[in-house]
Every structure is written in structure tokens, then in C-alpha cells.
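Let us walk through this structure one element at a time. Keep the sequence beside the model as you read.

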Amino acid sequence: MPLSTQWPHHPTRLSDLIDHETLAVVISGSCARLKRALTVLDYDKQTGAIARIDPLIEWQNFEPFCQLLRTESRVSGGNAACERCDIQRAQKLVGVISGARCTDADNYRCHMGLTDYSQTLCVDDTPVAVLLAGQFAASEQKEEVRRQVERIVSGDRKDIALMDDAAGAELRQLVAQIPTPTQDFIEQFRREAEYVQAMATAHYHRQKAEYQGAFLDKLRSARRFSRGRTLLEIGREVERLLQIVQQHCGLQYLVMFCNVAEGDTVLTPIA
């Protein structure tokens, strides 16, 4: 169901605003423009659930190092460790948003020591997803990546195991190919995040307007003031309509403001 069914229809997760197929196409386009890997982690604030949404092409623009690490037939547990790292990053970001504005783009280190970038996507200050991109390593940073590879080769990483002898040597060689982050990448990444965020916001406000319009049509069709002849009858009709509004909004009280001439009844402006 798109957005919350309860008024005032707060946004829920990104995939409730933009369907999975469309998101996959959008992510693929962002990958192509960035020339880097990019992933969306769908976030449902109501349940805390986080789900991965990848581009149309699996592992699009992933570094060869990361592709090998995620190939289960050669590196058992590598893909699970990477996805677990992504989810932990998303949980950390959305965990600090409560009561504050959404976070801006920032970099962080993944479990293998590479530099990635993240940004929370928000709709009306409600977090709906986390965007991840990157797979970089500066020259001095590659030593840390190599140390993590050696931990896997030696068996020190209990969650990751090599399935063939050649995989360790290949990982060592591929470390050298990991590029250094460019100075303008974070700005390019921010633009892609803002593009997806703007699209989600537009979808949200359109869907919310449709929800509200449907309820107002229902309320208008429920009016029966032409049948009321006395103030008592009009009062009962107003009470009935207010109960419909009350039930729809899930509220105990309604406060209404209106101008009433001296000696006039408040029922008329409410009606």
C-alpha cells in the first residue's frame, strides 16, 4: 500500500512511493552517470525493516575486487559480509535521524577498508531509504585492504572463507586496481541522491493528494443537509459528518475555527 493508510498519510518506505522495477531502472541510470556501483537500501520507519534494491544489471560498475569477494562459489560468506556491512551503515544513519533533519552525503569505511559514500533519502523529513555508492581506496588506504585480505587468507576472518587457492592471490592483485576517490565524486553522488529524493517526494505528494481527494469526495457525497428542516436535524447531520472525519483521521477531538455573527448558529459554517 503506498504511504501510510492512516491520516495524515506519512511516507513509509521508498518502494511504496516508486515501484521496484522503476527504482531498478533509476539506479542503473545513476550507476552509469557515476561510473560507480550504487545501491538503495529500502527503509520502513514503521517496522525498521531494511531491504536491498539493486540496479537492473547485477553488480553494475562494481570493482573487480568487490565482485570476486562477493562470488560465493569462490569466496564463501563474502557477499553476506558485504551486505551485512551495508545494512549496518543504513541502520547507523537512520538511527540518528529521529527528531533531526536527514543526513547529507558522507564517506565511511566498509568492512574490507574501502571508502564508500552514503546518504539518507528523505521525504518530508521522513527517512525512506539509504543510498550507497563508491568502492574506492586511496594509495595509503590499500594497505588496510591488503591486511583484511590476509586475514581472510589466513583464516582469521571466521565469517569468510576461500573456496579455492587462486582466489586469495587474485584478491591481492585486484587491490592495486581499486581507484582513488575523485574530488568531485561526493558532489556527483549528492546530485544523484537528490534526484531520487525529488522523484520520491513528487510521487508521495501526488499519492497523498489522491488519498485526501478521495476522502473529500466521500464526505461530500455523504452530506444530506437538504433534508434538514430544523436546527436539531442540521445538528445531527453535522455530528454524523464530524464522526466520519474523526474516524478517518483517527482522532479523539477536532478543533475548528470559524467566524460566527452574533445571534447566529455555529452549525452553518461547520456544515
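Buried means under 20% relative accessible area, exposed means over 50%, and partly exposed lies in between, with a 1.4 Å probe and protein chains only. Helices (H or I, at least four residues) and strands (E, at least two) are DSSP runs, numbered from the N terminus. The model is predicted: local features need pLDDT of at least 70, side-chain atom pairs count only at pLDDT 80 or more, and totals for chains, interfaces and linings use all residues. Residues are numbered from 1 along each chain as its sequence is written, and side-chain values use heavy atoms, with hydrogens and water left out.

Start with strand 5. Which of its faces are covered? Both are. Thr-115, Tyr-117, Gln-119, Leu-121 and Val-123 are buried on one side. Asp-116, Ser-118, Thr-120 and Cys-122 are buried on the other. In a regular strand, side chains alternate between the two faces of the sheet. With 9 of its 9 residues buried, strand 5 is largely enclosed by the rest of the structure.

Now look at the partners of strand 5. Two strands pair if DSSP finds at least two bridges between them. Strand 4 (residues 106–109) runs antiparallel to strand 5 and is joined to it by 4 bridges. Here Asn-107 has Tyr-117 as its bridge partner. The two strands form a hairpin with 5 residues between them, and Gly-113 in the turn has a positive phi of about 95°. Strand 6 is also antiparallel to strand 5, with 9 bridges joining them. Gln-119 finds its bridge partner in Leu-131 of strand 6. This hairpin has 2 residues between the strands, and Asp-124 takes a positive phi near 50°.

Asp-42 stands opposite Ala-51 in strand 2. There are 6 residues between these strands, and Gly-48 has a positive phi near 80°.

Next comes the interior. A nonpolar core is a set of buried Ala, Val, Leu, Ile, Met, Phe, Trp, Tyr and Cys residues joined through side-chain atoms within 4.5 Å. The largest has 27 residues, and Leu-14, Leu-38, Leu-121 and Phe-189 have the most contacts inside it. Elements giving two or more residues to this core include helix 1 (14–17), strand 1 (37–43), strand 5 (115–123) and helix 7 (185–222). Helix 7 supplies the largest share of this core, 7 residues. What does Leu-121 touch, leaving aside neighbours within four places in sequence? Its contacts (heavy atoms within 4.5 Å) include Leu-14, Val-128, Leu-131, Ala-193 and Val-196. Apart from this core lies another of 23 residues, among them Cys-66, Ile-152, Val-175 and Ile-178.

Ile-152 is one of the buried residues of helix 5, with Lys-142, Val-145, Gln-148 and Val-149. The arc is that of the directions from the helix axis to the C-beta atoms. Their cover includes helix 3 (64–69), strand 7 (161–162) and helix 6 (165–175). Just after helix 5, Gly-155 takes a positive phi of about 90°.

Helix 8 (residues 231–249) has 19 residues and reaches 26 Å from its first C-alpha to its last, close to the 27 Å expected at 1.5 Å a residue. The expected span is 1.5 Å times one less than the number of residues. Its buried residues are Glu-237, Val-238, Leu-241, Ile-244, Val-245 and Cys-249. They cover an arc of only 125° around the axis, which puts them on the same side of helix 8. The face turned away carries the exposed residues Leu-232, Arg-236 and Gln-247. Arg-236 counts as exposed at 55% relative accessibility. The C-alpha atoms of Arg-236 and Ala-167 are separated by 78 Å. Gly-250 follows helix 8 with a positive phi near 70°.

Finally, the cysteines. How many disulfides does the whole structure hold? A search finds 0 (a disulfide is a pair of cysteine sulfur atoms within 2.5 Å). The sulfur of Cys-31 is 13 Å from the closest cysteine sulfur, in Cys-66, too far for a bond. Cys-31 is buried, with a relative accessible area of 0%. Cys-85 is in no disulfide either, and the nearest cysteine sulfur, that of Cys-110, is 5.4 Å away. Cys-85 counts as buried at 10% relative accessibility.
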